[in-house]
Amino acid sequence: MKKYLSVLLVLVLMTAALAGCSNAPSQPAASGDDAEEIKIGINYELSGGVATYGQANLEGIELAVEQINAAGGINGKKITLVTYDNKSDHAEATTLANRMMTQDGVLAAIGPATSGAFKATIPVAEKNQIPVVSGSATADDVTVDAQGLKEYAFRICFSDSYQGTAMADFALNTLNAKKAVIIMDSSSDYGKGLAKNFKEQFEKNGGTVVAEEAYVAKDTEFNAILTKVKGAEFDVIFIPGYYEEAGLIIKQARAQGIDAPVLGADGFDSPVLLELAGAEALNDVYFSNHYSSLDQDPLVLKFIEDFKAKYDKEPDAFNALGYDAMNFVADAVARAEKLDGTSIKDALASTENFAGVTGSFSIDENHNPVKSIVVIGLKNGVQDTISRTGE
Amino acid sequence: MMNRLFEKGRMKYIFALLVFAIGQLLVVTGYLNDYLFSTLTTLCINIILAVSLNLITGFTGQFSLGHAGFMSIGGYVCALISMRIPTVPGFLLGVLTGALAAAFVGFIVGLPTLRLKGDYLAIATLGMAEIIRIIFLNLKITNGAAGLNGIPQFVDWMWLSLFTFSSIILISNFIRSAHGRACVSIREDEIAAESIGIHATKYKVTAFVIGAFFAGIAGGLYASYFYFLRPTLFGFSRSIDILVIVVLGGIGSLSGSVIAAILLALISTYLQAFPELRMVFYAVALVVIMIVRPQGLMGSKELSLDLLKGFGRKRQRGGS
């Protein structure tokens, strides 16, 4: 009897599911000028490996939407978010992009946070002619690759190569360094790209890279590398990688008595860096970032205040990038001639002097922002100095 | 005439044709939009993976955790070939070469490791999948950690259904052949099987190679549909995902694997609307199914088209 019952249950489940499937596409999604609301798709990593990035972006986005809607929406129309979790999985990101564009009728989509997953959604965007915007996809070939410009893809953060170049300039000009050591994460294109650009810029302007060492993500023991490096003479260490390993490298380096300044990029931006390295090791550590809460710009101060009021914590760079991405899209929707993907794409591409909390920027012909970079200096584990470079 | 048409064993071809025709109709009428089609593609790829792993784990009894490795070989080979020859023949050449490459690696790896049993084999195959992943991570031609982008997309319903149904039918025919029965006998008792003259290693390697071949096909379809490949896609968790489908459907039941793949795809699709609770519900569903049906949805039984006849007979005899 039990057996028949379970067969029956499976059948019921399947019919229910099939019935559900048949309902969904029969309601054509309302979009265009006559729609009462503006639907924006949110395709972020809310669970899985890089869930912290996705969740942080979403917090920023939700704050921005709340403010826009409280101020009366865009030309009288409210924004509604269609939020999906891509589980930090590329295939899922593609599927969800398809879902929001063909079934939910979004006018634009924001996310995913990481470059790979974002790239996976671009062909879907091109096919459906719906623009996609990422707040934090920093890989070099996101919006332009060997096949040319991705017409419907935009981002509002600078690229990895730009960070590598900026940190090389910072080492040469601000720290007066002549000799550098690179300890890179060879298992990510992020680490490799940063290392390459840092080295090119550093050597072009009179510096020398005296040693290059590599590790892979999830390593925890770096004493062998550091002992080897210690023998060389150098002024700075550049660590292109993420906070999990960088925190441990800094801790072990300081314990070995290496007190040269340590440089990094936005991969350092996490409270975990402090947990792993400890406050006393985090002196003379500098990293490039999109945003700093030390910024005295009135726009930033207001953002920090609003964010604290809503979430009761300090916003980080991903919160700020999510906030800017949403406002960037809203700004373009307001300027678009018509409410369709192509018009919004044209409006996004012609954005000039957009004032965001991660700096004001214009969109260049490659759909990248032209914006400044923040270099944050740490003292006893807390942000102590900031300098803005480049424009 | 009718009788001959519906002869036993021919039903599955008719059924496959029917499903293809319905699918084609939905595609042509535009009812199956891009989103539903991409869900369907994931489903078909999962079915091929689960059915081929079931041959190794369910029917031959060799616990393998390396299926993602074979899938990645098929995917990368297919991607590299179809990026250089971006035509339909190039895509087919890519899928088949990828599958053959996966089968070849399965052969090389299978010979030494299939001497191991149970947990030891699982660990060895897990290690193999990791090695394959690390190789792809460091090769120049596969573009390292950044992976391959812009793989031309050729997968449509025709190729998808063709590959899916031929995988299911070929594997089910293999299982019903003398070779397949030899594989099942090894699962039941390896020593007893050897005592009646079955060359255990030979059949284990055969099953392993065939399983790897079809995993390679799934990888090729994946590469061609989702435009991109990265080594991180083929980690340990993907092998586990495939194993979950096999165990859920019933170890040693091909139809069980197909049903479980469909069921999981439905659950996962439904829960997309609840991003925060999605993984919780998904996990709860798995736990509930495993408690209610510890042997899997189908156990080791097959759902065949003459099931109804079987039902009637059983009822008369036992009354349950």
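**Close-ups of a predicted two-chain model**

**View 1. Confidence along chain A.** In this predicted model, helix α1 (residues 2-23) of chain A has the lowest mean pLDDT among the elements of chain A, at 45, while strand β3 (residues 108-110) of chain A has the highest, at 96. Here pLDDT is the predictor's confidence in each residue, from 0 to 100, and helices (H or I, at least four residues) and strands (E, at least two) are DSSP runs, numbered from the N terminus. Contact is scored when the C-beta atoms of two residues, placed from the backbone, lie within 7 Å. Chain A as a whole averages a pLDDT of 86, with 91% of the residues scoring at least 70.

A word on bookkeeping: residues are numbered from 1 along each chain as its sequence is written, and chains are lettered from A and ligands numbered from 1 in the order in which they are written. As this is a predicted model, local features need pLDDT of at least 70 and side-chain atom pairs count only at pLDDT 80 or more, but totals for chains, interfaces and linings use all residues.

**View 2. Two helices crossing in chain B.** Helix α4 (residues 67-84) of chain B packs on helix α10 (residues 200-226) of chain B at about 50 degrees, their axes 6 Å apart. That makes α4(B) oblique to α10(B); angles under 35 degrees would be roughly parallel, over 145 roughly antiparallel and 65 to 115 roughly perpendicular. Among the residues that meet are F70(B), G74(B) and C78(B) from α4(B), and A215(B), G219(B) and Y222(B) from α10(B). The contact holds 11 nonpolar, 9 polar and no charged residues. For the classes, Ala, Val, Leu, Ile, Met, Phe, Trp, Tyr, Cys and Pro are nonpolar, Asp, Glu, Lys and Arg charged, and the others, Gly among them, polar.

**View 3. Two domains of chain A.** Chain A splits into domain 1 (37-157 + 297-371) and domain 2 (161-289), with bounds from an automatic or database domain assignment. Their C-alpha centres lie 30 Å apart. Domain 1 of chain A puts 4 residues into the contact and domain 2 of chain A puts in 6.

**View 4. Where chain B touches chain A.** Here 30 residues of chain B are in contact with 30 residues of chain A. On the chain B side, α3 (34-59), α12 (254-270) and α13 (278-292) each supply at least two residues, and α3(B) gives the most, with 5. That side of chain B divides into 15 nonpolar, 10 polar and 5 charged residues.

Note on methods:
Axes are lines fitted to C-alpha atoms, for helices over the stretch in contact, and angles run from 0 to 180 degrees between N-to-C directions.
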